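Dear colleague,

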Amino acid sequence: MNLISGIPVPYYLSLAGIMFTIGMFGVLLRRNAVVIFMSVELMLNAVNLVFITFSKSTAQVGGEVIVFFVMAIAAAEAAIGLAIVIAIHRQKKTVHVDEMNLLKW
Amino acid sequence: MLELFPLIILLPLLGAFINGLFYRKMPNLVAAWIGNLAVAIPFFITLGSLFAYHPMENTVPHLFTLFEWIHVGNFQVDFAYQVDQLSLYMTLIITGIGSLIHLYSVGYMHGEEGFNRFFVYLNLFIFSMLNLVLGDNLVLMFLGWEGVGLCSYLLIGFDYHKDSAANAGMKAFITNRIGDVGFAVGIFLTYWYVGSVRYVDLINALPYALPYKEIINWVALAFFIGAIGKSAQIPLYVWLPDAMAGPTPVSALIHAATMVTAGVFMIARLNPIFYATTWASDYIAITGAVTALFAATIGLQQTDIKKVLAYSTVSQLGYMFLAMGVGAYTAGMFHLMTHAFFKALMFLGSGSVIHAMHHEQDMRNMGNLKNYMKITWITFMIGTLAIAGIPPFSGFFSKDLILEKAYSHHGIGPILWGIGIAGAFTTAFYMFRLVFLTFYGEERIDVHVKKHLHESPWQITVPLVLLAVGAAFAGFLQVPHILGGGVHILEDFFKPVFEQSLKVADSWGITKEPHVISESTEWILLLISVGVAGLGIFLSYNIFQVKKTVPPKDEEFQGMAKVLYNKYYVDEIYDSTIIQPVMQISDALAEDVDQKIIDGSVLGIGRFFSGLSSYLRKLQTGIVGDYALYIVLGAIVVVFFLFYKGA
C-alpha cells in the first residue's frame, strides 16, 4: 500500500471527505454568515488536502501548484466575502442569512 | 459629346440630392436654379450627342456601363446604358419638355408651400425616367419604371394635407402595382427563355425563338399588362383622371408628356418580342382603339378643365397603342412626340388659367378669358387644333398616319379605323367645347377673381410659346407622300431600331402584310379624318358658341349625359366589385384569422409557459441558504451522472 509519512493514502482521503462534509453541512445548516464563511474555507481546505495527497502519491507536482492557486483565490475571496458581510451588517444590523431574502425578482 | 452622356443621368440625381438635403434652408431662388439647370444642361448634352451619334447612318447602339450592379451566377445586371435612336428620341422629349416645365414651375409654384420640395421630386422624376428609357436591360428599365411611379405618387399627393390628393396618390400607386406584376412576370419569362435581360441579347436571340412562337405571345401580353397600368389603358386607366389632384406642371410633365407614354416606349423598346407575336398584338390594337373612344366619350361631359385633358390623354394614349398594336411603331412614336408637345402645352395652358383664376378649375365658372390672357389663349388654340387633327398642325400628321396604318392592317383593320375615326370626331368636339367654355362666350367669372385676372408671368408664357411652336410644326418630320414631297425623316430615323426584328419576323412568315392602299383611298381616308374633325368643331361651335350652352349643375345632368358625367360609373363598379370585397376579406382576415388564430396561438404558447413558471417560481425563495442547497444538490447530481457515465 502507498504510504505518505507512514500513513496510508485512504486515511488522508477519508479525512478530506469528512472535512468536506462538515463544511458542506456547515454551509447548509448554520445561519450565521461568518460561520458559513468559515465552513466554505473548510471545504476549500478539504479539497486542497486531496490535491496534496494525490500529488505526493503519484509524484506529480501539478497538484501542489493548484493548491497554491486555490489558497491565493481563497485569500482574495475571504477579503471580498468579509467585506460583503460587513457591508450587509451595516445595512441590516445582522449577519443572519435568513434575513437576506432579496435574491429574487 | 457622347462621353458626356453619364452627366445626363447623374445631373438630375445630383439636383434632387442637393435640393433634397437642404430644402428646408435653401432660398427658393437657389433651389429653382439648381432644379432647372439639372435638367436644362442634360438637354443640351442630349442635343449635342444626337449629332455626334449620327442617328441617320449609325446602326450600332452606343453602350456604356457606369458600374456593376447585380452579378449572381449567369444573371448579370449593370447600371449600363444604351444610346440609340429610340433612347435619344425619348431623352430629347424628356429633357426638352422637362426643362420647359421646370421653368414653368418656377412661375406656377411661386409662393406655394413646399416650393423646394417640388423641385426635389421633379428632378428625381427626370432621373428615374432617364433610367427607364436609357437602361440597356429590363431590370434597369424596371427600376426607372418604379422610380417614376414613386415620383408620380409623391407629386400627386403633393398637397398631402388634402385628403383627396393623398387618396388620389394612393389610387395611382396601387393601380400601377397591378400592372407592374405583369411587367415583372414578363421580365422573369424573358430571363427564363433568353437567359439575359439585355436588349442586345434579346435581339440576337430572336432568330432562334421560332419554336417558342406561342409563348412569345404570352410574354408580350405580360409586358402589355405593365403598359396598361402605367399608360392608363382600359381597364386600369382609372388612376390617371384622379392624378389631376397634383399641381398642374406635374400633370403636364408626368401625366401627359412623359411617364404615361412609358408603356408605348416599352413596346417599341421590346420590339423583338412584339414583332414576333402572332395574335397578342391584335389585343393591343383593340385595347388601344377602344380606350381611345371610351375615354373620349367621358371627356364630353366633364366640367373640370383638367379632367377633360386627363381623359383626352387616356384617349390619345389609346391611339398610340392602336399604332403599336398594328405594328406601326414609327407612327406610335411619332404620335408620342406630337402628343407630348400639344398635351404638355394644353396642360400648361390650363395651369396658366387656373393660376390666374386662383385655383378655380370648373369651366362653368370661366368664359371669355381670351380678353384677359392673350398668350395663353392663342397657344391653347394651337394645341387644340393640333389634337383635333387640323392640318397643318402636328397632331394631324401623326393621327392620320396611325389611322392610315390601322386601316391597312389585315383582318380587323377597318373596324379599328372606324373606332379611331369616331374617337377623332369626339376628340375634336370635346376639345373645342373646352375652348369655347373657357376662352369664349359669356363671362361667368366670380367678381373677386375677376379683379385680379391677369396674364401669367414670363416663366409661364415662355414655355407656352415654345411648346406651341413644337405643337404647330413637329408634324413636318413625317409627311404623307400624297401631300407632296413625302418627308419620312422619322421613318428613316427609327429604321435601325426595328430593322433586325422585322427581318426575323419576315423570315418566319408572320409579318402581317398590310393591305396596299391606293393613293385615292389614302386621299379619302385623309379627307374623312379631317372631315370628322371639322364636323366635331362645327357642332361644338353651334352648341357652345352660338347657343351658348353651359353644362348644368352637378345634380342636374340627365340621361346619357349623367352617365358620362359620372364616367360610366366605372369607379363605383370597381368599388363594389373589387375594392369592397377586398376590404371585407381583409377585415375578416384581420379579425378572425389574425386576431383569433394567429394571435391566439402565439399568445397561447406564451400563457402556457408563464402558467408553468408560476409553479417553478416557488423554488425562488430569495433565501441564500436555499440557493446553497440547490447548488449542493446540483453538484451531487453532476457527480452521480459522471460516475455512471464513466462506468
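Of the 647 residues in chain B, 49% count as buried (20 or more other C-beta atoms within 10 Å of the residue's own, C-beta atoms being placed from the backbone; 12 or fewer means exposed, and anything in between partly exposed). The model is a predicted one, in which local features need pLDDT of at least 70 and side-chain atom pairs count only at pLDDT 80 or more, while totals for chains, interfaces and linings use all residues. Residues are numbered from 1 along each chain as its sequence is written, and chains are lettered from A and ligands numbered from 1 in the order in which they are written.

Chain B has 25 helices and two strands (DSSP runs numbered from the N terminus: H or I of at least four residues for helices, E of at least two for strands). Its C-alpha trace spans about 110 × 70 × 50 Å along the principal axes. Of the contacts in chain B between residues at least 6 apart in sequence, 81% join residues at least 24 apart; a contact requires C-beta atoms, placed from the backbone, within 7 Å.

The largest nonpolar core contains 194 residues, of which Phe223(B), Leu322(B), Ala344(B), Leu345(B) and Ala471(B) touch the most other members. Such a core is a set of buried Ala, Val, Leu, Ile, Met, Phe, Trp, Tyr and Cys residues joined through C-beta atoms within 7 Å. Helix 18 (residues 413-439) of chain B gives the most to this core, with 16 residues. Leaving aside residues up to four places away in sequence, Ala471(B) touches, among others, Phe341(B), Phe342(B), Leu345(B) and Ile382(B). Apart from this core lies another of five residues, including Val27(A) and Phe37(A).

Helix 15 (residues 329-356) and helix 21 (residues 489-508) of chain B pack at an angle of about 120°, with their axes 10 Å apart. Axes are lines fitted to C-alpha atoms over the stretch in contact, and angles run from 0 to 180 degrees between N-to-C directions. Helix 15 of chain B is therefore oblique to helix 21 of chain B (under 35 degrees is roughly parallel, over 145 roughly antiparallel, 65 to 115 roughly perpendicular, and the rest oblique). Residues making the contact include Tyr329(B) and Met333(B) of helix 15 and Phe494(B) and Phe498(B) of helix 21.

Finally, Tyr208(B) lies in the loop between helix 7 (199-205) and helix 8 (213-230) of chain B. Tyr208(B) counts as exposed because it has 10 C-beta neighbours inside 10 Å.

With kind regards

Methods:
Two residues are in contact if their C-beta atoms, placed from the backbone, lie within 7 Å.
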